[in-house]
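I opened a new page for this structure today.

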Amino acid sequence: MSAAAATGRLSGLKNILVATDLSGRSEKAVARGIALAAEFGARIKIVHVVDDDQPAVLADLEASRSADLLVESVRPVAEKFGVTPEIEIAKGIESEAIRQAADEMNADLLVLGAHRRQFLRDVFTGTTVERVIRTCERPVLMVRLDIGEAYEKAVAAIDLSKPSVGALEFAASVSFFGCSSLMLLHAYMPLASGFMRYASVEEHRIEDYARALADEARSALENLAKTMPLAGLKPELLIEEGATAEVIADVIARKSPQLVVLGTTGNSILKNLVIGSVANAVLRDAECDVLAYAGRRETA
């Protein structure tokens, strides 16, 4: 158990924004957001966005009906956790309205339901989840698990870039939402091995090269674990060879974490959030919740 979790209420979150489209996927996000608000003693607002690209009378009618549905659907879980969420019905383009609501609230965390899985995998790009993560500059928790599955194990994918370390720092600042164990994962690819074999370099030298990459990564993660406060957790270090998205998927399958932590830009593990990136693959396919953080844009 993390040090903060062991002492009772967690700290680090003051304002939580949950976005819902009133689907079953969003119901999981609403429940998780309310549970986190109770754990952190945080203010929580739940927003639903109505498309305003329709006649005003229809948009107003949809907004009124949505408000009634949202209040009724939220009441049972809110009463269970002793939380009184604020309800907001916004109008506009969903991702933009969510970003505006987050800015107005100064949200520390956005909570969204998982995207709808479809046969055409490429359709993930441009979804509300992707747009919010890319544009809001705030940590986003994408929820796939039922509220009955407590957060116990977290995996943080680390490529030692500023975004991935920043995501880890944020996750640590909120005690990994109460997780009691932590794994730091670094995936590496010995890209020069192919050229070395082409040049007829002895196999033992190729193996030495790959081993050196792994040792270097382990040393860097060990130093990170020593120097960064990690909510009192002693992380397990996972240094694994392979394509990053495949390595992360394999670790999720083997270790069954409830939470994966990702920085959404970076040099190798996570690049810009566009179709084909590792971040999109994990957000699309992970059978657990994902905390993704692009970080704040640096100003000149």
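Entry 1: I looked up Glu72 and found it partly exposed, with a relative accessible area of 48%. The model is predicted, so I note that here. Glu72 forms a salt bridge with Arg75, and the closest N and O atoms are 2.7 Å apart. Arg75 is partly exposed too, at 35% relative accessibility. Both residues lie in helix α3 (residues 56-81). They are three residues apart, about one turn of the helix.

**Entry 2: the whole chain.** I stepped back to the overall picture. The protein chain has ten helices and ten strands. Of its 300 residues, 52% are buried. I then checked contacts with a separation of 6 or more. Residues 24 or more positions apart account for 80% of these. The chain exposes about 14500 Å², and carbon and sulfur atoms supply 51% of that area.

**Entry 3: helix α4.** I picked α4, residues 94-105. It has twelve residues and reaches 16 Å from its first C-alpha to its last. That is close to the 16 Å expected at 1.5 Å a residue. Which residues of α4 are buried? I listed Ser95, Ala97, Ile98, Ala101, Ala102 and Met105. Seen down the axis of α4, the buried residues fall within an arc of 165 degrees, so they line one face of the helix. What do they pack against? I found the strands β1 (15-19), β2 (43-50), β3 (86-91) and β4 (109-113), together with α5 (128-136). Just after α4, Asn106 takes a positive phi of about 55 degrees.

**Entry 4: charges on α4.** I stayed with this helix. The side chains of Arg99 and Asp103 meet in a salt bridge at 3.6 Å, N to O. The two are four residues apart in α4, about one helical turn. Arg99 is partly exposed at 31% relative accessible area, and Asp103 is partly exposed at 37%. Arg138 joins Arg99 and Asp103 in a network of salt bridges.

**Entry 5: a bridge across the sequence.** My search of the whole structure gave 13 salt bridges. One of them pairs Asp146 with Lys28, at 3.6 Å, N to O. Asp146 lies in the loop between β5 (140-143) and β6 (153-157), and Lys28 lies in helix α2 (residues 24-40), so the pair ties together parts that are 118 residues apart in sequence. Are these two residues buried, partly exposed or exposed? Asp146 is partly exposed at 47%. Lys28 also counts as partly exposed, at 29%.

Notes
Residues numbered from 1 in each chain as written. Predicted model: local features only at pLDDT ≥ 70, side-chain atom pairs only at ≥ 80, totals over all residues. Heavy atoms only, no water. Buried < 20%, exposed > 50% of the residue type's maximum accessible area, 1.4 Å probe, protein only. Contact = heavy atoms within 4.5 Å. Areas by Shrake-Rupley, 256 points an atom, 1.4 Å probe, with all protein chains shown as cover. Expected span 1.5 Å × (residues − 1). Arc of directions from axis to C-beta. Salt bridge = Lys/Arg side-chain N within 4 Å of Asp/Glu carboxyl O.
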